[in-house]
Amino acid sequence: MTDTPSNYAQQRSPTSLEIAHQLPGPIERVWDHLVDGELRKLWFCGGATADHVGGKIVLEFDHSRLSTRATPPEHEGGGRVTNEGEVLRFEPPNVFAFNWFEHDGVEHSRVTITLTEKNGGVELHLLHERLEKRTDRVSVAAGWHAHFDLLGDLLRGEPVRDFWDVHLALEKHYDDALP
């Protein structure tokens, strides 16, 4: 798959990023891959997700499931991290939003994902807000972009690319492209 500029994250404010990604449907299948921890861990991270506003989302990252590299790149730290958040919107199969708390329990950012049926597939639109540091925006842009590429591979039934190979190339792009 060749990326087009429309797949790339854009900085929409000093502390927010937006990205749109076209995926194969049906929309219910994409929704399930967002909220079901067993499906989500195949392209992003595992963990339980409450199906109601005010409930908890657990984000259990283990990128070794998504990469053939024995260890993640040095600047990415450890390979396993668990974060928690609170579900802000849960409107199947269209809107899923949550606060993302870092390991220190402090609210770090807010994620809103909207799914829309479009052009025979599903457009996934993500808004990630409250990214105060430029280094966070670069890493988050590369991360979401890489994870959505893997989700697309998975939904199309194609071999899923190596996460770190995709992420590192995108991280360089976003380091050059984001203000």
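Of the 45 residues in the largest nonpolar core, which touch the most other members? They are L115 and L124. A nonpolar core is here a set of buried Ala, Val, Leu, Ile, Met, Phe, Trp, Tyr and Cys residues joined through side-chain atoms within 4.5 Å. A residue is termed buried under 20% relative accessible area, exposed over 50% and partly exposed in between, computed with a 1.4 Å probe on protein chains only.

The structure is a predicted model, in which local features need pLDDT of at least 70 and side-chain atom pairs count only at pLDDT 80 or more, while totals for chains, interfaces and linings use all residues. Residues are numbered from 1 along each chain as its sequence is written, and side-chain values use heavy atoms, with hydrogens and water left out. The pLDDT score is the predictor's confidence in each residue, from 0 to 100. Its average over the protein chain is 88, and 87% of the residues score at least 70. Over residues 1–5, pLDDT stays under 50. For this stretch the model has eight contacts beyond four places in sequence, a contact being defined by heavy atoms within 4.5 Å.

The protein chain contains four helices and seven strands. These elements are DSSP runs numbered from the N terminus, helices being H or I runs of at least four residues and strands being E runs of at least two. Along the sequence their order is β-β-α-α-β-β-β-β-β-α-α. Of the 179 residues in the protein chain, 46% are buried. Among the contacts with a separation of 6 or more, 54% come from residues 24 or more positions apart.

From its first C-alpha to its last, α3 reaches 33 Å, close to the 33 Å expected at 1.5 Å a residue; the expected span is 1.5 Å times one less than the number of residues. Just after α3, G157 takes a positive phi of about 75°. Beyond four places in sequence, L124 touches I19, A20, H21, L23, L34, I113, T114, L115, F148 and L151.

Aromatic side chains form a further set of links. A pair of aromatic rings is described by the distance of the centres and the angle of the planes. Rings of Phe, Tyr and Trp (its six-membered ring) pair if their centres lie within 6.5 Å; planes under 30 degrees apart count as stacked, over 60 as edge-to-face and the rest as tilted. By this rule there are 15 aromatic pairs. The pair of Y8 and Y174 is tilted, because the ring centres are 6.0 Å apart and the planes stand at 55°. This pair joins distant parts of the chain, 166 residues apart: Y8 lies in the segment before β1 (10–13) and Y174 in helix α4 (residues 163–177). With 0% relative accessibility, Y174 counts as buried. W31 and F96 form an edge-to-face pair, with 6.1 Å from centre to centre and 75° between the planes. Here helix α1 (residues 27–35), which holds W31, is linked to strand β5 (residues 95–101), which holds F96, across 65 residues. Both W31 and F96 are buried. Ring pairs also link W31, W43, F44, F61, F90, F96, F98, W100, W144 and F148 into a cluster.

S109, in strand β6 (residues 107–118), is buried because its relative accessibility is 0%. S67 is placed in the loop between β3 (56–62) and β4 (80–91) and is buried at 11% relative accessibility. Beyond four places in sequence, S67 touches D162, F163 and W164.

L42, in the loop between α2 (37–40) and β3, is partly exposed at 41% relative accessibility. Its C-alpha lies 8.0 Å from that of L151, although 109 residues separate L42 and L151 in sequence. K172, in helix α4, counts as exposed at 54% relative accessibility.
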